Amino acid sequence: MEASERESGDMATRPTGPVAAALIAAGVGSLVLAILVVWAEASESFKESIAYSDDVGPLAGKTIWAVVAYFVTWLVLGLVLRRREVPLKTAGLITAALLALAFVGTFSPFFEMFAPSE
Amino acid sequence: MDLTSREFWALVHGIFLGGAFLVAFTGGLAGFYSLRPELLTEAGVGERMRRLQLGTAGMAVLMWLTVVVGTWVVYPWYREDVPESPRSTLLADASTEDWHKFGMEWKEHVAWIAPMLATAAAFIVFYYRADLIKNQTARRIAMALFVGAFAIAVVAGVLGALITKKAPVT
């Protein structure tokens, strides 16, 4: 066993690429949601354009496109990285950064700052 | 002792799915925490993995169901454009409008992050299966995603309960 493996408790098992793909896809899906939330707050015409359901309103478009972004990113990255070794700590840090931005973007006091002044 | 259809679905969203999700979280977290070579025999790993798979997959499925039911079934009643709807009731009074502007606006968006994190955690568990014990970095990342999904769900759940207390869907 390599010294670094002993320290981290990691031993080579299966390629880490598919795991990195799943992680980063969750971060991308979350960030897309946040971007759509801020964009819809800033633009009334965009908000109306993603209100695919009268009952649900713009939340319908925001969540549908975030979920689409999540699964498409997972599929594409999963295919690209399926046999590759990707450092999981790096993938984890990228995901954490994407999630941090997503949390800020979906926090109501933040995105409401982008509302047009009345 | 009757429930209207709306009250029933609000109950499904907040209590039935939320309660089952708590059970799944507890099982999953215990499984993640103890999945360490120094704590388990080889036979113990197999038993622990079944519980972990059940807990993580169960939590992911429950989270997707919770946000879909919340957004597509309960939320339309909350935001109905009539004076009696919870949203109209909260916005009509300056002392309660923040329950919508801060609470509901945050909850309805941030909640959708939770199922994506829970699904990624479940994927890691199913991808490595018993080998997860050999990859402690993957175990720690999966556990962080799992706990993160739970924390988001707690925020959304608590806000939902408080908003319902102020202006229930009836």
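What pattern does chain B follow, read along the sequence? The answer is α-α-α-α-α-α. The secondary structure of chain B comes to 6 helices and 0 strands. Helices here are DSSP runs of H or I with at least four residues, strands are runs of E with at least two, and both are numbered from the N terminus.

This is a predicted model, in which local features need pLDDT of at least 70 and side-chain atom pairs count only at pLDDT 80 or more, while totals for chains, interfaces and linings use all residues. Residues are numbered from 1 along each chain as its sequence is written, and chains are lettered from A and ligands numbered from 1 in the order in which they are written.

Take chain B as a whole. Its C-alpha trace spans about 60 × 30 × 20 Å along the principal axes. Of its 170 residues, 45% count as buried. Buried means that 20 or more other C-beta atoms lie within 10 Å of the residue's own; exposed means 12 or fewer, and partly exposed lies in between, with C-beta atoms placed from the backbone. Two residues are in contact if their C-beta atoms, placed from the backbone, lie within 7 Å. Among contacts in chain B with a separation of 6 or more, 79% join residues 24 or more positions apart.

Now follow α1(B), residues 5-34. Its 30 residues should span 44 Å at 1.5 Å a residue, the expected span being 1.5 Å times one less than the number of residues. The end C-alpha atoms are 42 Å apart, which agrees. Even so, α1(B) has a kink of about 40° centred on Val12(B). The bend at a residue is the angle between axes fitted to the seven residues ending there and the seven starting there. The buried residues of α1(B) include His13(B), Leu17(B), Phe21(B), Phe25(B) and Phe32(B). The buried residues of this helix pack against α2 (42-78) and α6 (136-166) of chain B.

Next, the contact between the chains. It takes 30 residues from chain A and 28 residues from chain B. On the chain A side, α2 (17-42), α4 (58-81), α5 (88-105) and α6 (108-111) each give two or more residues. α2(A) gives the most, with 9 residues.

Finally, look at Ala51(A), in the loop between α3 (44-49) and α4 of chain A. Ala51(A) counts as partly exposed because it has 17 C-beta neighbours inside 10 Å. Beyond its neighbours within four places in sequence, Ala51(A) is in contact with Gly57(A), Pro58(A), Ala60(A) and Gly61(A).
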